[in-house]
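Subject: Structure handover

Hello,

Here is the structure I promised to pass on. My notes follow below it.

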Amino acid sequence: MLGKEDTAVRGNFLSALAMLIAVSVTLINIFNPLLIIIGISVGALVGSLIALKVKMTSIPEMVALFNGFGGLATFFIAWSEFNSSIDNSFQYILIMLTVYIGGVTFSGSIIAYGKLSERLKIAKTSIITKLFTTIFYISLVYLFYSAALTEIFIPTFDFFTILLVLTLLGGVGFVLPIGGGDMPVVISLLNSLSGVAAAFAGIVISNTALIVAGCLVGASGLVLTLIMAKSMNRSLYNIFFVGYAASKGDAQEVSGEVKPISAEDSFLILESASSVLVVPGYGMAVAQAQHVVKELGDLLEENGCEINFGIHPVAGRMPGHMNVLLAEANVPYDNLLEPKDINPKMNTVDVVLVIGANDVVNPSATEQPGSPIYGMPIIEVHKAKTVIILKRSMSSGFAGVQNPLFFKENSRMLFGDAKESISKLVAEFKD
């Protein structure tokens, strides 16, 4: 059901109901069910409050936190098992792996939350980043070292405590140096890791439901991570251990004359267009403009125009971010096109409306070999007949790379809040 837009809500509800049943069945097998009932009640209350209060623009941060708390739960399960009984070295190694993956997922997700909400701004070259990155590598070495020691003896509590601390600090060092433009891939991988940790925890406590659920999340999250990395034409190693800064050559300085345009003049261009492509980005999410974008699309169709939406896999701050926003506004899923579908016929598109997107339409990825994002597949909007870019300012995107699209001869800049600008276009059509 999650594979189709019209059944996704029902599928999500069914998944939640199934997990509730799985947790509730646990009540039958324990002597005192009160603790489980309290846990379900508190979790349901907190989850409901978060889901009701969160804004659509904050969905990526919420997903990051949920991934993190999934990792924290498995971290505590493994810690608890260590304190109960360990029969053999294999069981201890399994507990260590569960602790490590769960702990890294938790602390890494907290850092991802800070980056996505822009509350955490620490440069990749800072001493703090280098310190925590070093701790991450130390934690890996310590994990393998302590696992090797289990052939001789099962380490003591003090030895295990060091692993707990290094794991949480290592998770910080794992995510801290990763750039903002790679955050969607990071979120996807952390989601996968939370599933892997859950599966390991299920093996530790012999819980079949937890093993199955964890394997599903882990496998699907990893597939999505690989797909997104491929869409950026980069390897996972490059994203997580190298980053944009390792690109070869020197980036060319971007300069030129910007050509601003008013909403009234933009309307005249759109009114005469026979085909329009809308390319949304995080700016549309911030402005919460998805509903007026849908309204504008309907008006364009009534005017005899073909309207489509170009969706880049890493647009926004999490996997499927733009799809979620447009689905909320009831935009037909068949109108959402991927870069491989729209790029071959881009030169036939009359007008492209770029709404808050930046990095995913940056032509330096194809035109400037020295650019940090060179080689990354983009939506090639610069090949369209006219490009109208809706932005608040001339600032660079989340990846921090300048965009020469703003200075192209066929580009026009419609400055201002995206929702207000599109509302003006809608009003012009209605008038």
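N330 sits in the loop between helix 13 (321-328) and strand 3 (336-337). Helices (H or I, at least four residues) and strands (E, at least two) are DSSP runs, numbered from the N terminus. N330 is not a glycine, yet its phi is positive, about 65 degrees. N330 counts as exposed because its relative accessible area is 60%. The cut-offs: buried is under 20% relative accessible area, exposed is over 50%, and partly exposed is in between (1.4 Å probe, protein chains only).

Q288 also has a positive phi without being a glycine, at about 55 degrees. Its place is the loop between helix 11 (282-287) and helix 12 (290-302). With a relative accessible area of 38%, Q288 is partly exposed.

Before you read on: this is a predicted model, where local features need pLDDT of at least 70, side-chain atom pairs count only at pLDDT 80 or more, and totals for chains, interfaces and linings use all residues. Residues are numbered from 1 along each chain as its sequence is written, and side-chain values use heavy atoms, with hydrogens and water left out.

Next, the salt bridges. The count is 8, taking a side-chain nitrogen of Lys or Arg within 4 Å of a carboxyl oxygen of Asp or Glu. D350 pairs with K385 at 3.2 Å, N to O. That pair links distant parts of the chain, 35 residues apart. D350 is buried, at 15% relative accessible area. Salt bridges with shared partners also join E338, K340 and D341 into one network. Within helix 12, D298 and K294 are 4 residues apart, about one turn. Their closest N and O atoms are 2.9 Å apart. D298 is partly exposed at 29%, while K294 is buried at 19%.

Now the core. The largest nonpolar core has 111 residues. Such a core is a set of buried Ala, Val, Leu, Ile, Met, Phe, Trp, Tyr and Cys residues joined through side-chain atoms within 4.5 Å. Helix 4 (residues 89-116) gives the most to it, with 11 residues. Among the members that touch the most others are F160, V276 and I422. I422 touches A289, V292, V293, L296, I355 and L390, leaving out residues up to four places away in sequence (contact: heavy atoms within 4.5 Å).

Last, the cysteines. There are 0 disulfides, a disulfide being a pair of cysteine sulfur atoms within 2.5 Å. C215 is partly exposed at 43%, and C305 is buried at 5%.

Best wishes
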